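Please look over the model below before reading on. My notes on it are set out as numbered points.

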Amino acid sequence: MSGDMWRWTCLGLHLVFCTVGPSSATRQLPSHPKKPFLTFSSEATEISFNHLVVDKRKGSIYLGAINWIYKLSGDLVVEARHETGPDIDNPKCYPPRLVQPCNEPLISTNNINKMLLIDYKENRLIACGSLYQGICKLLRLDDLFKLGEPFHNKEHYLSGVNESGSVYGVIVSYNNMDDKLFIATAVDGKPEYFPTISSRKLPKNSEAEGMFAYVFHDEFVASMIKIPSDTFTIIPDFDIYYIYGFSSGNFVYFLTLQPEMISPSGSTTKEQVYTSKLVRLCKEDTAFNSYVELPIGCEKNGVEYRLLQAAYLSKAGSILARSLGILPEDDVLFTIFSKGQKRKMKSLDESALCIFLLKKINDRIKDRLQSCYRGEGTLDLAWLKVKDIHCSGAVGLISG
């Protein structure tokens with residue numbers, strides 16, 4: 001097992017779950033144990049919910065579904081809805097449609113919601129779907145009125161992949177300038193067109209021409225990372241699946257699942273497995289030189305949990321902080337891993353809740369960068385450089 005694999009004992013915690021089914025959302029009122037469950041059901045007979053976000057200020061609930069965006073009150077009453085599809089399209093078409101017409105047959109195509117993100121500063125919801133290689137709408141939080149839908153430029157199309165759980169966005173907010181959107185996405189076999197991770201402009205004006213433009217872009221360098229085409233000669237179906245993202249301090253983080261080729265013990269042939277990795281970038285690094293990855297997973301009673309299913313960043317709180325010997329305001333990363341490494345998803349025969357302290361994650365990254373400065377180890381970025389690069393004293397890295 002990799003030397004970067006962290007062995008953490010999973011803590012037994014009591015969890016309260018809010019479930020979202022194929023066609024309904026359910027929530028139990030905490031005020032009285034005998035209160036009935038509140039439910040919401042769509043009027044559509046066949047519908048699937050993909051994402052849910054809650055306005056932390058007002059308690060409103062936003063649901064991203066196939067062809068629809070819903071706004072619900074805290075007691076699951078529908079307050080607004082916005083139709084996003086279906087529309088005439090073909091997943092094989094390349095955008096933008098206005099510049100390069102598609103030669104593929106166009107048919108009625110569902111719009112699968114791939115990302116919901118609340119922009120609190122501008123009181124709007126960023127809703128991205130699968131139509132036209134990933135066009136995003138900016139909707140007013142109050143009533144889901146469409147404020148903007150940029151689609152004229154190449155960078156307005158974020159990803160053509162149809163999987164609903166493969167795109168994640170993180171907003172970095174500023175007081176005296178426009179915010180930035182870090183967007184990470186699976187590229188669905190189109191690495192020459194879509195960056196797997198990038199930082200975009202997020203102007204106050206939802207109809208601004210520069211909406212979603214790269215924060216920095218010249219002839220040689222841009223605020224993005226693309227998967228090299230040579231990587232696909234080694235792993236033909238290579239892609240990076242983004243499970244969760246957040247910002248803390250000077251950094252933006254993403255939790256990913258990606259394939260790699262390993263040689264099992266005692267074997268001369270390689271086989272493909274999936275590895276969960278944490279990605280970190282400096283918020284102000286416009287050239288992405290600070291990009292670094294670390295494998296992440298946990299172990300309990302000799303069983304390895306390596307397939308990340310979900311994650312959430314929160315504060316420790318007084319009780320957990322006391323048990324972990326940290327401060328209540330310290331950032332804690334809660335993760336769910338399933339057992340094994342052979343399959344990307346759906347390996348849920350056995351899973352574990354594992355807790356990581358963000359401070360210890362940053363300490364581990366710092367140690368890794370410092371050892372690389374000393375010429376020890378590798379960068380562990382074989383997918384980016386096709387073959388891994390050994391560290392040397394001449395390697396320049398930005399740690400934020």
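This is a predicted model: local features need pLDDT of at least 70, side-chain atom pairs count only at pLDDT 80 or more; totals for chains, interfaces and linings use all residues.

1. Helix 3 covers residues 358-373. Its 16 residues should span 22 Å at 1.5 Å a residue, and the end C-alpha atoms are 23 Å apart, which agrees.

2. The buried residues of helix 3 are L358, I361, I365, R368, L369, S371 and C372. Seen down the helix axis, these buried residues fall within an arc of 160 degrees, so they line one face of helix 3. K359 and K366 are exposed on the other side. After helix 3 comes G375, with a positive phi near 85 degrees.

3. There are 13 salt bridges in the structure. One of them joins D142 and K58, with the closest N and O atoms 3.8 Å apart. D142 sits in the loop between strand 11 and strand 12, K58 in the loop between strand 3 and strand 4, and the two are 84 residues apart. D142 is partly exposed at 40% relative accessibility, while K58 is exposed at 58%.

4. Strand 14 contains both D179 and K180. D179 forms a salt bridge with K121 at 3.1 Å, N to O; K180 forms one with E284 at 3.7 Å. D179 is buried, at 4% relative accessibility, and K180 is buried at 8%. E284 lies in the loop between strand 19 and strand 20, so its pairing with K180 ties together parts 104 residues apart in sequence.

5. F216, F220 and V221 make a nonpolar surface patch of about 310 Å². V221 is in the loop between strand 15 and strand 16 and is partly exposed, at 33%.

Methods
Residues are numbered from 1 along each chain as its sequence is written. Side-chain values use heavy atoms; hydrogens and water are left out. Patches are made of residues with over 30% relative accessible area and no salt bridge: like charges are joined within 9 Å, nonpolar side chains (Val, Leu, Ile, Met, Phe, Trp, Tyr) within 5 Å. Accessible areas come from the Shrake-Rupley method with a 1.4 Å probe; for residues, only the protein chains shown count as cover. A salt bridge is a side-chain nitrogen of Lys or Arg within 4 Å of a carboxyl oxygen of Asp or Glu. Helices (H or I, at least four residues) and strands (E, at least two) are DSSP runs, numbered from the N terminus. Buried means under 20% relative accessible area, exposed over 50%, partly exposed in between (1.4 Å probe, protein chains only). The expected span of a helix is 1.5 Å times one less than its number of residues. The arc is that of the directions from the helix axis to the C-beta atoms.
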